[in-house]
Amino acid sequence: MRLIKNLLALIVLATGVLWSLQGIGWVQGSFMTGQSQWLYAGIVTVLVGLVGLAWANRPRG
């Protein structure tokens, strides 16, 4: 179960990074390119992914 939680958190994190890069215009070829709202959505998504990773790897006890 821990592996699944980590994989889901990493997928969310990667999605957030992609959205952020599209928002600042570093990744081309999408309607999201250069739109600052996707930068902000990406940052929030990255934070959610990081929280998910911390939750998935918290010490048991």
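Predicted model: local features only at pLDDT ≥ 70, side-chain atom pairs only at ≥ 80, totals over all residues.
Now step back to helix 1. The helix covers residues 2-23. It has 22 residues and reaches 31 Å from its first C-alpha to its last. That is close to the 32 Å expected at 1.5 Å a residue. After the helix comes Gly25, whose phi is positive, near 90 degrees.

Which residues of helix 1 are buried? They are Asn6, Ala9, Leu13, Gly16, Ser20, Gln22 and Gly23. These buried residues pack against helix 2, which spans 36-56. An α-helix has 3.6 residues a turn, so residues three or four places apart point the same way.

Take Asn6 as one of the buried set. Asn6 sits in helix 1. Its relative accessible area is 16%, so Asn6 is buried; the limit for that class is under 20%. Asn6 touches Leu53, Ala56 and Asn57, with residues up to four places away in sequence not counted.

Val12 also lies in helix 1. What does Val12 contact, leaving aside its neighbours within four places in sequence? The partners are Thr45, Val48 and Gly49. Val12 has a relative accessible area of 30%, and is therefore partly exposed. The C-alpha atoms of Val12 and Ile43 are separated by 11 Å, and the two residues are 31 apart along the chain.

Turn next to the nonpolar surface. Met1, Ile4, Leu8 and Ile11 make a nonpolar surface patch of about 460 Å². Why does Ile4 count as partly exposed? Its relative accessibility is 47%, and the exposed class starts over 50%.

The aromatic residues come next. A pair of aromatic rings is described by the distance of the centres and the angle of the planes. How many aromatic pairs does the structure hold? It holds two. Trp19 and Trp38 form an edge-to-face pair, 5.4 Å centre to centre, with 65 degrees between the planes. This pair links distant parts of the chain: Trp19 is in helix 1, Trp38 is in helix 2, and they are 19 residues apart. Phe31 and Trp38 also pair, with ring centres 6.1 Å apart. Their planes stand at 80 degrees, so this pair is edge-to-face; the cut-off for that label is over 60.

Trp19, Phe31 and Trp38 form one aromatic cluster. Are Trp19 and Phe31 buried, partly exposed or exposed? Trp19 counts as partly exposed, because its relative accessibility is 25%. Phe31 is exposed, because its relative accessible area is 67%.

The buried residues of helix 1 pack against helix 2. The Trp19 and Trp38 pair links the two helices as well.

Key: Residues numbered from 1 in each chain as written. Heavy atoms only, no water. Patch = residues over 30% accessible without salt bridge, like charges linked within 9 Å, V, L, I, M, F, W, Y side chains within 5 Å. Areas by Shrake-Rupley, 256 points an atom, 1.4 Å probe, with all protein chains shown as cover. Salt bridge = Lys/Arg side-chain N within 4 Å of Asp/Glu carboxyl O. Helix = DSSP H or I, 4+ residues; strand = E, 2+ residues; numbered from the N terminus. Buried < 20%, exposed > 50% of the residue type's maximum accessible area, 1.4 Å probe, protein only. Contact = heavy atoms within 4.5 Å. Expected span 1.5 Å × (residues − 1). Phe/Tyr/Trp six-rings, centres within 6.5 Å; stacked < 30°, edge-to-face > 60°.
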